[in-house]
Protein chains: 2
Amino acid sequence: MTRPRAYTGARMLEAAEKGKLAKADYEAVLPGLRTDLVNAQYELRSAGRPVLVTIAGDDRPGATALYNVLHEWLDARYLASHAWAPPDPGEELYPPFWRYWRALPPKGALGVWLGGWLQSRLRLRLEDALDDGELARSLDQYRRFEVLLAAEGFVLLKLWIHLSNKQHAKRLAKASRGKGEWRLDENDWRIGDDPEAWTPLVEEVLARTQSDAAPWLVVSGANERHRDVTVGRAVLAALGSACEEKARAPSAPLPPPSSAPNPLDAVDLTAELPYEIYKKRLAKRQRELFGLVNRAEAAGLRPVLVFQGWDAAGKGGAIRRITHAIDARDYRVVRIAAPSEEERRHPWLWRFWRHLTPAGRMVIFDRSWYGRVLVERVEGFASEADWRRAYDEIVDFEAQLAGAGSLVMKFFLHIDADEQIRRFRAREHTPYKKYKITEDDYRNREKRPAYMEAAAEMFARTGTETAPWHLVPANDKRWARVAVLDAICATLRRALPGKAG
Amino acid sequence: MTRPRAYTGARMLEAAEKGKLAKADYEAVLPGLRTDLVNAQYELRSAGRPVLVTIAGDDRPGATALYNVLHEWLDARYLASHAWAPPDPGEELYPPFWRYWRALPPKGALGVWLGGWLQSRLRLRLEDALDDGELARSLDQYRRFEVLLAAEGFVLLKLWIHLSNKQHAKRLAKASRGKGEWRLDENDWRIGDDPEAWTPLVEEVLARTQSDAAPWLVVSGANERHRDVTVGRAVLAALGSACEEKARAPSAPLPPPSSAPNPLDAVDLTAELPYEIYKKRLAKRQRELFGLVNRAEAAGLRPVLVFQGWDAAGKGGAIRRITHAIDARDYRVVRIAAPSEEERRHPWLWRFWRHLTPAGRMVIFDRSWYGRVLVERVEGFASEADWRRAYDEIVDFEAQLAGAGSLVMKFFLHIDADEQIRRFRAREHTPYKKYKITEDDYRNREKRPAYMEAAAEMFARTGTETAPWHLVPANDKRWARVAVLDAICATLRRALPGKAG
């Protein structure tokens, strides 16, 4: 079982897999290769990790032909294939990576993508719609995406189909005589006409996105039979390694947890609000929120509200004070419970990406991706390597949200252990609230110190300028509800230019 | 277990459920009602059919408040709720009902929708954006949607929250003094200001969409406690009946199958194309198709290609001759196999709706919804009542597609029994094609007369002006491939105005 070799440094185009395959040799090889591919695909279905093969290239018609060949060779019923066009108006309402997340093949499936992020960045750079800095940042972003996928068990194979300058020139000459490939587009002409410009550009794209976890296989498109068989074998190798046990990479050591005081200890749990003042403030803030949400919608801003906190801390009640103030069409509440079967077959962040709202619509997460570094960490549902890398993955996710017009606000509702037990008892004595309380809740309570420690590390590692944590004293529900509304209104006011909220 | 009573004829608003519930009575009733609701919801999850509760009304703030109340009373983790705003730019790329299909609750789930099709048609009519004829047609369309859902086992409950003219006037007077409900919008003012205009309109909407399968419950919004408890009880009844065995409605008797000759018998299976002519024609048509598809994309047309035919008739090969001609970004191929677990929890057409492409993008179905009246009918996978109603459901589905800019083309590839057995044998002797052939294929072959009969009825009942069947002689693969391309190009040429393809 060979994996495609990893290139280092530049000159990756020159090192393209070249060669010729005579028709007779091709026909001798083909039946065995196709049989092996179909069998490997079936084996993957029953046992394997997800495999993602992406096809791009300066030889765009060649890449397309290869995409078609793979559909013919493999059992197309079980291919999660996608040919990426520019985002349509619906996709543009979401962060740029949203559509790639949605299209990820689940465990046991083989995804084949044609074009996509890297190819489109290259195209935008060629058209001068991106400058060098933007290109570099967008390549880094893709690299982080791949690192996450690899950590989640994906086998990644990136194909680059390459023609030499001479071959490009030949094809264009033929096409300009009205012969040969008729599906060339503007960009193909641009590449063919100006090899000096695009060669270093492609080299940069390849070099910056080269890694052991997601290696490039650069294949010459000059000889179709050689191209197809070379790629067929690489796909076979990828399918094979996806059926093997995943070698878990040791996680980079993190600095030891800070000995700084836990910010939760500084929360003043005696804060409270008398009923009459509460009623007035609540009404005032709700009215303000209604107006601010309408303006945020018009501005295409997406408030992303995250609620965490102890069991029975009052998350649901705080959320209702928000939703009752605004039009039901302007928000979605997402309640996070255990992942479904389908969700478990995807990377852990997938189930949060899928619940994002389009631009202009608020989304409220009642529990969230922070479960990874709270309950999953403390209860051991995630390995240490997995929850440790989650901090960076979360920061990256929220940065993508913020970059796409989201206002990320994270609330941790804090109550002390005595208040919690009082609320548990009250729930047990209310017939229609009994379902909210289980043995687990009592068990979790005993692990309060471990949760405190996890929360402290979470605040330290994920509190950012654009996605800050709000620690809310919640022993008094009234105080907590008004404090949450205050914070949301303040954030919206700051984000909305012009007239005061 | 009481079901909401069915109203007949007009005057449904006058007959609204009215009443007052004192606070003490409300508080006495509430704990029991909430407990029953949560328990019924759990029972539904393990055993039940899907339930869909829609909330609309001339009392829009009241309908919204009720939506919030249901979220508080029920276990919101298991509510499939949706508050319908006007379609966003992404949703507008699909037929109007696409987003409703996507949001349908699966078996065992309770969906609660606020607003939606009927409320928005009422609004559009009030704004004179629809005339009476359009309104009537759009109500009929909704009725057909409900009939389909009911036939698929849905328990439907439609709530209309109503205020009298006097109550509307009172609310507006209060709001204009800056008090009371601050979330009123333009449309609420229009309704409140002009009861003479909207009352008959609402009566018409209610009367035209009233049915036993999807009854209206009209509830006065004047007393909130009464409104909430009345609705809570109706939801409880709906949950209850969803856990009972579905009473299968006897299907309307269809006219006896026509004794007219089977159109397949008239297909000339001797048609063939010599290799050299085939090569030329294929290349010519593929080049033409490339241009036509680009123009169709620019015009926002959606070609919907459906391939049916005998096993081994050459569907895959015919499809590849299409896809190889055009840009991979411009089409999606959907291969229909047995429905997944998730698909089985939804109405049978759901899995086809979900695979539609946005406007401008071609979709090719390799097998399709016609399996319902072919294999599912012949093998007994669908009951007679189910496949019999499928003809109308299919015609309606395709009419919706055509109405939303789709060009529906349906191909049946016809081969005779001898040719089929030759192809089966050839597949068995090709290692990488073996997976395409199973015992089932041989078994199905013995049922050829039953399939012939089913196909004849299918052609007769589903061939329409806007979604015609093309019967393609396919004993000669070359003939079939060119005939398919000819038909696609001809359809596109006719649909695209201006210059000849």
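A crossing of two helices is called left-handed if the near helix is turned anticlockwise from the far one by less than a right angle, and right-handed if clockwise. The structure used in these exercises is a predicted model, in which local features need pLDDT of at least 70 and side-chain atom pairs count only at pLDDT 80 or more, while totals for chains, interfaces and linings use all residues. Residues are numbered from 1 along each chain as its sequence is written, and chains are lettered from A, with ligands numbered from 1, in the order in which they are written.

**Exercise 1. Describe how helix 4 of chain A packs against helix 8 of chain A.**

Step 1. Helices are DSSP runs of H or I with at least four residues, strands are runs of E with at least two, and both are numbered from the N terminus; helix 4 of chain A covers residues 117-126 and helix 8 of chain A covers residues 195-208.

Step 2. Axes are lines fitted to C-alpha atoms, for helices over the stretch in contact, and angles run from 0 to 180 degrees between N-to-C directions. For this pair the angle is about 145 degrees and the axes are 11 Å apart, and helix 4 of chain A passes helix 8 of chain A in a right-handed crossing.

Step 3. Two residues are in contact if their C-beta atoms, placed from the backbone, lie within 7 Å. Helix 4 of chain A contributes A:L118, A:L122, A:R125 and A:L126, and helix 8 of chain A contributes A:W198, A:L201, A:V202 and A:V205.

Step 4. Sort these residues by class, where Ala, Val, Leu, Ile, Met, Phe, Trp, Tyr, Cys and Pro count as nonpolar, Asp, Glu, Lys and Arg as charged, and the others, Gly among them, as polar. The contact of helix 4 with helix 8 of chain A then has seven nonpolar, no polar and one charged residue.

**Exercise 2. Decide how helix 11 of chain B is oriented to helix 19 of chain B.**

Step 1. Helix 11 (residues 315-323) and helix 19 (residues 477-495) of chain B pack at an angle of about 50 degrees, with their axes 9 Å apart.

Step 2. Angles under 35 degrees count as roughly parallel, over 145 as roughly antiparallel, 65 to 115 as roughly perpendicular and the rest as oblique, and helix 11 of chain B is therefore oblique to helix 19 of chain B.

Step 3. The crossing of helix 11 over helix 19 in chain B is right-handed, and the residues that make the contact include B:G317 and B:R321 of helix 11 and B:K477 and B:L485 of helix 19. By class, this contact in chain B has six nonpolar, one polar and three charged residues.
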